[in-house]
Amino acid sequence: MEKKQRNYDMEYKIQAVKLAKEIGGAKAAVELGIPENTLYTWMKAAREGRLDIGSGSHTPQTAMNLAEELTFLRRQVKEQEKEIRRLKEENEFLEEASAFFAAGRLKSAKTKE
């Protein structure tokens, strides 16, 4: 006798894995009426990152990638903050230089009169 294979949509798998994390795989499988091995396969896929069940379900590899990205972004923010400070200093210098030359022009214009 041929066994009919059931297809489960992604949302069902995700919810089943979340339930299994809360109450245990065997109990969740019984409650959902699905084979334990099927649920354990989905749980393994979630651990390996092949089934995304949302926040808090990162694998060590994806967690490391997130940590590396965070480090990179923090470094980038520091570099941008330095650049902003440099540009502010440059702007202040240009304002002072502009005021100096404007004062010189005013002096020059008064002496011509």
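Is Arg-86 buried, partly exposed or exposed? Arg-86 is partly exposed, with a relative accessible area of 39%; here buried means under 20% relative accessible area, exposed over 50% and partly exposed in between (1.4 Å probe, protein chains only). This is a predicted model, in which local features need pLDDT of at least 70 and side-chain atom pairs count only at pLDDT 80 or more, while totals for chains, interfaces and linings use all residues. Residues are numbered from 1 along each chain as its sequence is written, and side-chain values use heavy atoms, with hydrogens and water left out.

**Helix H1**

- Helix H1 covers residues 10-23; helices (H or I, at least four residues) are DSSP runs, numbered from the N terminus.
- H1 has 14 residues and reaches 20 Å from its first C-alpha to its last, close to the 20 Å expected; the expected span is 1.5 Å times one less than the number of residues.
- Ile-14, Ala-16, Val-17 and Ala-20 are the buried residues listed for H1. They cover an arc of only 165 degrees around the axis, which puts them on the same side of H1; the arc is that of the directions from the helix axis to the C-beta atoms.
- The buried residues of H1 pack against H2 and H3, where contact means heavy atoms within 4.5 Å.
- Gly-24 follows H1 and has a positive phi, near 100 degrees.

**Helix H3**

- The 13 residues of H3 (residues 36-48) should span 18 Å, and the end C-alpha atoms are 18 Å apart, which agrees.
- Leu-39, Trp-42, Met-43, Ala-45 and Ala-46 are buried in H3. These buried residues fall within an arc of 160 degrees seen down the axis, so they line one face of the helix.
- Asn-37 and Arg-47, on the other side of H3, are exposed.
- Helix H1 and helix H2 (25-32) are what the buried residues of H3 pack against.
- After H3 comes Gly-49, with a positive phi near 85 degrees.

**Aromatic pairs**

- A search of the whole structure finds four aromatic pairs. Rings of Phe, Tyr and Trp (its six-membered ring) pair if their centres lie within 6.5 Å; planes under 30 degrees apart count as stacked, over 60 as edge-to-face and the rest as tilted.
- One of them is Tyr-12 with Trp-42, edge-to-face at 6.2 Å centre to centre and 90 degrees between the planes. This pair links distant parts of the chain, with Tyr-12 in helix H1 and Trp-42 in helix H3, 30 residues apart.
- Tyr-12 is partly exposed at 28% relative accessible area, whereas Trp-42 is buried at 8%.
- The ring centres of Phe-100 and Phe-101 are 5.3 Å apart and the planes are at 75 degrees, so this pair is edge-to-face. Phe-100 and Phe-101 are both exposed.
- Tyr-8, Tyr-12 and Trp-42 form one aromatic cluster.

**Salt bridges**

- The structure holds four salt bridges, each a side-chain nitrogen of Lys or Arg within 4 Å of a carboxyl oxygen of Asp or Glu.
- Glu-90 forms one with Arg-86, the closest N and O atoms being 2.8 Å apart. The two residues are four apart in helix H4 (residues 60-112), about one helical turn.
- Glu-90 is partly exposed, with a relative accessible area of 37%.
- Salt bridges that share partners join Lys-44, Glu-48 and Arg-50 into one network.
- Within helix H3, Glu-48 meets Lys-44 (3.9 Å, N to O), four residues away and about one turn of the helix.
- Arg-50 meets Glu-48 at 2.6 Å, N to O, and Arg-50 is exposed at 58% relative accessibility.
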